Amino acid sequence: MSAAPTVRAGAVVPVLASAGITVALMQTLVIPLVPELPKLLNASAAGTAWAITATLLAAAVATPIMGRLGDMYGKRRMLLISIGMLVAGSVVAALSSSLVPMIAGRALQGMAAGVIPLGISIMRDELPPEKVGTAVAQMSASLGVGGALGLPLAALLAENFNWHTLFWLSAGLGVIVFGLVLRFVPESSVRSGGRFDLLGGLGLSIGLISLLLAISQGASWGWTGGRTLGLFALAVVALLAWGWWERRTSEPLVDLRTTARPQVLLTNLASMVFGFAMFAMSLVLPQLLQMPKATGFGLGQSMLASGLVMGPSGLVMLIAAPFSAKISRTRGPKVTLMLGAVVVAAGYAVGSVLMGSVWELVLVSLLIGAGIGLAYGAMPALIMAAVPVSETAAANSFNTLMRSIGTSVSSAVAGVILANLTIRLGGYTLPSQSGFRTVLLIGAGAALAALAIASFIPTRRTEAPAAAVAVESAAAEA
């Protein structure tokens with residue numbers, strides 16, 4: 001190998017991981033602004049909630065579509081397009097002073113969510129087999145790393161600069177990452193070709209948007225209201241029709257026959273449940289930290305202090321990634337996923353007891369972060385060991401989508417619990433300590449459910465297609 005390709009290969013992992021962290025930052029970047037958005041945009045609180053919802057819906061639609069397009073037309077090309085949408089969305093949001101352009105900008109940012117599964121797929125195509133496991137674990141962990149680091153960074157900027165600075169920063173980071181990908185990441189020669197399944201993309205989009213919109217807005221619309229039930233019904237009909245079509249078309253958006261393989265199916269189910277468990281930490285710990293001390297259990301910390309408490313969990317996820325890859329090489333990614341679930345469950349169990357001081361919540365966040373880092377590194381290894389090389393991006397994107405659905409359901413469930421288990425303080429209604437403890441225990445239960453599902457994942461090497469054996473031997477013993 002010549003010197004230039006060697007340098008390029010050495011840069012692929014940090015460049016792609018940086019791209020993943022940059023995209024994940026967008027998930028928490030706007031959180032410090034949420035209470036102020038109605039005033040900043042001269043809109044209602046219900047209207048400004050769409051600044052969050054639009055990102056969620058756009059990410060759900062874009063992730064599987066960009067994965068399939070990456071397999072067909074080039075993963076690096078789709079990666080650059082995704083980063084370009086992130087930059088465009090950031091600029092639109094930075095220039096906005098009203099609700100509609102803000103929602104449009106946030107939707108464009110959400111459409112960059114395919115960066116992480118595309119990056120994982122590029123690593124499988126371009127790296128030597130012995131380096132794939134560790135690289136994929138780091139890339140997968142970047143989702144949690146960016147989310148954890150985004151909160152303190154956003155809080156720091158929001159408290160000291162104009163709020164538009166948040167979006168100018170994300171635009172700048174996007175431009176830098178775009179240039180690095182252009183310079184150091186090669187285009188994969190592994191392509192499936194074929195024709196894009198437009199009808200399948202439309203059906204999946206309608207189903208996902210209906211489902212996630214009902215989940216995210218159900219609390220404010222009413223879970224038994226006409227709009228919520230109508231959207232759930234539409235989601236069921238659309239997804240059933242989509243599944244019927246995907247099994248009959250010759251070039252499906254998602255190959256359901258591959259997805260139905262036990263290793264892929266059970267990994268996706270475990271990922272969805274694990275996504276539910278993961279998000280409970282993000283919902284509970286910051287609120288506990290910022291709750292007034294007068295409640296008797298709140299810690300009265302600022303948004304910045306809260307972000308700094310959560311930040312180290314992101315670093316722990318990154319540190320855990322090489323250990324995840326090592327365990328997967330020696331014991332198999334199934335064991336790694338199960339171990340991660342156990343650690344996360346233990347973290348939530350500890351959190352349900354230790355929530356009276358800052359250091360206790362730091363410990364809880366570190367435990368959960370370590371478990372997430374272990375599990376997130378194992379999921380793509382399990383998927384890649386069971387799908388053809390030509391379907392890597394689509395399969396990883398579908399797995400990422402399953403995690404996102406889990407986090408969306410987690411947010412809705414936690415919202416219902418915290419809205420019903422409350423206390424009164426100074427004329428305000430606040431979540432109670434028992435409400436927070438209940439959400440943490442549910443998070444522990446979800447992690448144990450993921451453990452149970454993962455225990456049924458097949459471990460026979462013969463179930464992996466021949467095209468995946470080289471990767472499987474380096475990244476997993478499925």
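## Salt bridges

A salt bridge is a side-chain nitrogen of Lys or Arg within 4 Å of a carboxyl oxygen of Asp or Glu. Side chains of opposite charge can pair when their charged atoms come close. This is a predicted model, in which local features need pLDDT of at least 70, side-chain atom pairs count only at pLDDT 80 or more, and totals for chains, interfaces and linings use all residues. Residues are numbered from 1 along each chain as its sequence is written, and side-chain values use heavy atoms, with hydrogens and water left out.

How many salt bridges does a search of the whole structure find? It finds 2. In one of them, Asp 125 pairs with Lys 75, and the closest N and O atoms are 2.8 Å apart. This pair links distant parts of the chain: Asp 125 sits in helix α7 (residues 115–126) and Lys 75 in helix α5 (residues 75–95), 50 residues apart. Salt bridges that share partners join Asp 71, Lys 75 and Asp 125 into one network. The Asp 71 to Lys 75 bridge has an N to O distance of 3.9 Å.

Are these residues buried or exposed? Buried means under 20% relative accessible area, exposed means over 50%, and partly exposed lies in between (1.4 Å probe, protein chains only). Asp 71 has a relative accessible area of 1%, so Asp 71 is buried. Lys 75 is also at 1%, so Lys 75 is buried. Asp 125 has 18% relative accessibility, so Asp 125 counts as buried.

## The whole chain

The protein chain has 19 helices and 2 strands. Helices (H or I, at least four residues) and strands (E, at least two) are DSSP runs, numbered from the N terminus. The C-alpha atoms fill a box of roughly 65 × 50 × 45 Å, taken along the principal axes. The radius of gyration is taken over C-alpha atoms, and the globule rule is 2.2 Å times the number of residues to the power 0.38. With 478 residues, a compact globule would have a radius near 23 Å; the chain has 21 Å, which agrees.

Buried residues make up 56% of the 478 residues. Contact means heavy atoms within 4.5 Å. Take the contacts with a separation of 6 or more: residues 24 or more positions apart account for 79% of them. The accessible surface comes to about 18,100 Å², and 69% of it belongs to carbon and sulfur atoms. Such areas come from the Shrake-Rupley method with a 1.4 Å probe; for residues, only the protein chains shown count as cover.

## Buried helices and their contacts

Helix α16 (residues 358–384) has 27 residues. From its first C-alpha to its last, α16 reaches 40 Å, close to the 39 Å expected at 1.5 Å a residue. The expected span is 1.5 Å times one less than the number of residues. Of the 27 residues of α16, 20 are buried, so the helix is largely enclosed by the rest of the structure.

Leu 337 lies in helix α15 (residues 333–353). Its relative accessible area is 2%, so Leu 337 is buried. Which residues does Leu 337 touch, not counting those up to four places away in sequence? They are Ala 270, Ala 375, Ala 378, Met 379, Leu 382, Ala 454 and Ile 457. The C-alpha atoms of Leu 337 and Ile 372 are separated by 9.0 Å, though the two are 35 residues apart along the chain.

Met 281 lies in helix α13 (residues 262–290). At 3% relative accessible area, Met 281 is buried. Leaving aside neighbours within four places, its contacts are Pro 286, Met 310, Ser 313, Tyr 348, Ser 365, Ile 368 and Ile 372. Met 281 and Met 310 are 29 residues apart in sequence and 9.3 Å apart in space, C-alpha to C-alpha.

## On the surface

Leu 199, Leu 202, Ile 206 and Leu 234 make a nonpolar surface patch of about 350 Å². Patches are made of residues with over 30% relative accessible area and no salt bridge: like charges are joined within 9 Å, nonpolar side chains (Val, Leu, Ile, Met, Phe, Trp, Tyr) within 5 Å. Helix α10 (residues 198–221) gives the largest share, 3 residues. Ile 206 is found in α10. Its relative accessibility is 36%, so Ile 206 counts as partly exposed.

Asn 42 is found in the loop between α2 (37–41) and α3 (45–48). At 73% relative accessible area, Asn 42 is exposed. Its phi is near 55°, a positive value in a residue other than glycine. Most residues other than glycine have a negative phi.
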